[in-house]
Amino acid sequence: MKTPMLEAVSLLLEKLLLVSNFRFFSSGAPGEDKARNSFPEINSFLRGDVLEVPRTHLTHYGIYLGDNHVAHMMPDILVALTDDKGLTQKVVSNKRLILGVIGRVASVRVDTVEDFAYGAKILVNHLDKSLNKKALLNEEVAQRAEELLGITTYSLLWNNCEHFVTYCRFGTAISPQADKFCENLKIIIRDQRSVLASAILGLASIVFLGLASYTTLPAIFIPFCLWMAG
């Protein structure tokens, strides 16, 4: 059971990851401006394969189900607002995606390979090598993905598209992307300059802005404690 402090820290980390990895001011659906001139050979995909495509600073993952269909987890605020599949099945727009991340709601949905790829180059089963894990049988992988179709909670750190495919492919939900972000953040927090900057800003907020000490002292002590622990 997470404590309120851990919940707050987790939420802050997720918002930092959101800010660092999404373009807030891009307009329209992500698929509307995609290039279609580098589309891969669908016939080479096998049911149960893990497909991955690059996004802005991130990699998106899905499970190929066959017949030009991919199951993948997408943040989407619309699935929390309506049951109309005619609306929710449309390609997820940037606004729906960002609000879904903030609202922690997503769906494991099925889209065509074209809509999943957005014209980007697709890598197949690349996680098998990068994680050095033995994959389950392809049919079992696909069945696991199909069992998870529908609305789900979403978390950039604890339950994202990479967690979804690694659970289906290897039986264990992990996300090297989220782990790498947390490691980089710890390096920044543990840096002496970050601790000093946090202390100066915290003290300045108390002295010059009149903020209560209980609201600013955590900004000093949390980085300090993490730095000492490291």
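**The annotated cysteine and its surroundings**

Tutor: Cys161 is buried, with a relative accessible area of 9%; buried means under 20% relative accessible area, exposed over 50% and partly exposed in between, using a 1.4 Å probe and protein chains only. This is a predicted model, where local features need pLDDT of at least 70 and side-chain atom pairs count only at pLDDT 80 or more, while totals for chains, interfaces and linings use all residues. Residues are numbered from 1 along each chain as its sequence is written, and side-chain values use heavy atoms, with hydrogens and water left out.

Student: What does UniProt list for Cys161?

Tutor: The unreviewed UniProt entry gives Cys161 as "active site". UniProt positions follow the numbering used here, feature names are shortened, and annotations may be inferred rather than shown by experiment.

Student: Which helix is Cys161 in?

Tutor: Helix H7, residues 161-170. Helices (H or I, at least four residues) and strands (E, at least two) are DSSP runs, numbered from the N terminus.

Student: And which residues is Cys161 in contact with?

Tutor: Setting aside neighbours within four places in sequence, Cys161 contacts Thr59, His60, Tyr61, Met73 and Tyr154. Contact means heavy atoms within 4.5 Å.

Student: Switching to the sheet: in what order do the strands run?

Tutor: The order is S5-S1-S2-S3-S4-S6, an open sheet of six strands with antiparallel pairing. Strands S5 (123-124) and S6 (150-153) are at the edges with a single partner strand each, so one side of each has no neighbour in the sheet. Two strands pair if DSSP finds at least two bridges between them.

Student: How many bridges join S2 and S3?

Tutor: Three, in the antiparallel sense. Tyr64 has Val70 in S3 as its bridge partner.

Student: What does H6 touch when it packs on the sheet?

Tutor: H6 touches S2, S3 and S4, and its direction makes about 105 degrees with that of S2. Axes are lines fitted to C-alpha atoms, for helices over the stretch in contact, and angles run from 0 to 180 degrees between N-to-C directions.

Student: Which residues of H6 are buried?

Tutor: In H6 (residues 138-147), they are Val141, Ala142, Arg144 and Ala145. These cover an arc of only 160 degrees around the axis, so they lie on the same side of H6; the arc is that of the directions from the helix axis to the C-beta atoms. The buried residues of H6 also pack against H7.

Student: Last one: how much of the chain counts as buried?

Tutor: 40% of its 230 residues.
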